[in-house]
Amino acid sequence: MLKTPKWAAAVVWCAMAGAGLALGGCASSSDATSILNADPPEKMYADADSLMNRGRFQDAAKKFEDLDRSHPYSPEARRAMVLAAYAYYKAGKGPEAIASAERYVVMHPGTKDAPLAHHIIASSYFDEIKTANRDQTATRKALEQLKILQSRYPDSTYSRQAENRIRIAEDSLAASEMEVGRYYQGQKNFVAAINRFRTVVSDYQTTAHVEEALMRLTECYMALGVVNEAQTAVAVLGHNFPESKWYRDAHALLTQSGYTPNADSESWMTKAWRAVPKFGLGGPG
């Protein structure tokens with residue numbers, strides 16, 4: 001019997017190994033195709049919606065994301081993107097909700113679900129609002145999104161819901177400015193304190209903190225000897241809040257030093273309050 005040369009056996013072995021690799025490659029290709037050819041988008045959407053209805057929000061979010069990845073050009077994909085954000089929000093996953101919603105507004109600005117996406121971002125940040133003596137980054141981001149809702153989508157349900165939240169966010173920011181301003185005033189750093197109180201008077205005029213801010217400005221300006229600004233602060237306070245205890249205190253401080261309220265037309269306070277529709281030196285109107 002003829003012996004098979006060693007080189008021939010090696011060729012046969014390599015051929016068999018190559019065939020095995022080819023079969024393995026086919027299997028891998030088949031697996032990849034199977035992953036890409038997932039369930040139809042309408043079924044994936046229905047499955048995700050079912051998970052939402054059963055309160056399995058994180059699972060629903062992942063299912064909506066799978067739909068978007070598997071069928072990015074399907075009619076269901078765009079809606080799935082914003083619903084993934086909503087599901088993450090319901091699951092208490094704020095950062096994930098914000099990321100998904102921000103992706104939606106970047107890719108689909110001005111669409112039917114854009115107000116919902118902004119609402120999700122605003123709500124996620126709003127839930128993180130902290131007390132006045134804590135960092136207010138989340139408050140500022142929530143306020144930014146709430147104002148976008150009001151300005152770009154004034155007729156949306158979410159815009160109407162945003163009004164009360166805007167007041168809460170602005171009140172929180174004003175309270176934070178007052179907290180820091182009072183600290184600087186206590187340290188006799190009157191210029192730094194004035195900058196904080198000025199922000200309240202200029203930017204948060206509809207909050208309850210503006211009355212105290214005007215009183216504190218009176219104190220700080222009198223301490224620095226800037227009498228005309230102190231007079232203006234008391235004049236603005238008296239015209240707009242004549243029954244306020246802060247006005248009584250500010251007026252007493254001014255008159256004890258021999259001065260009377262007088263609004264300087266060139267003061268930043270006079271200009272700031274004239275720019276507000278509901279308020280001015282003529283009183284509420």
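This is a predicted model: local features need pLDDT of at least 70, side-chain atom pairs count only at pLDDT 80 or more; totals for chains, interfaces and linings use all residues.
User: Thanks! How many helices and strands are there in the protein chain?

Analyst: Helices (H or I, at least four residues) and strands (E, at least two) are DSSP runs, numbered from the N terminus. On that basis, the protein chain has zero strands and 13 helices.

User: Is S172 buried or exposed?

Analyst: S172 sits in helix α8, which covers residues 157–186. Buried means under 20% relative accessible area, exposed over 50%, and partly exposed in between (1.4 Å probe, protein chains only). Because its relative accessibility is 11%, S172 counts as buried.

User: Which residues does S172 touch, not counting residues up to four places away in sequence?

Analyst: Contact here means heavy atoms within 4.5 Å. With residues up to four places away in sequence set aside, S172 touches I129, K130, Q136 and T139.

User: Which backbone oxygen does the side chain of N240 reach?

Analyst: N240 belongs to helix α11 (residues 227–240), and at 4% relative accessibility N240 counts as buried. A polar contact is a pair of N or O atoms within 3.5 Å; within protein, one must be able to donate a hydrogen and the other to accept it, and residues adjacent in sequence count only if both atoms are side-chain atoms. At 3.0 Å, the side chain of N240 reaches the backbone oxygen of V236.

User: How are α3 and α4 oriented to each other, roughly parallel or roughly antiparallel?

Analyst: Helix α3 (residues 57–70) packs with helix α4 (residues 75–90) at an angle of about 160°, their axes 8 Å apart. Axes are lines fitted to C-alpha atoms, for helices over the stretch in contact, and angles run from 0 to 180 degrees between N-to-C directions. Angles under 35 degrees count as roughly parallel, over 145 as roughly antiparallel, 65 to 115 as roughly perpendicular and the rest as oblique. The two helices, α3 and α4, are therefore roughly antiparallel.

Methods. Residues are numbered from 1 along each chain as its sequence is written. Side-chain values use heavy atoms; hydrogens and water are left out.
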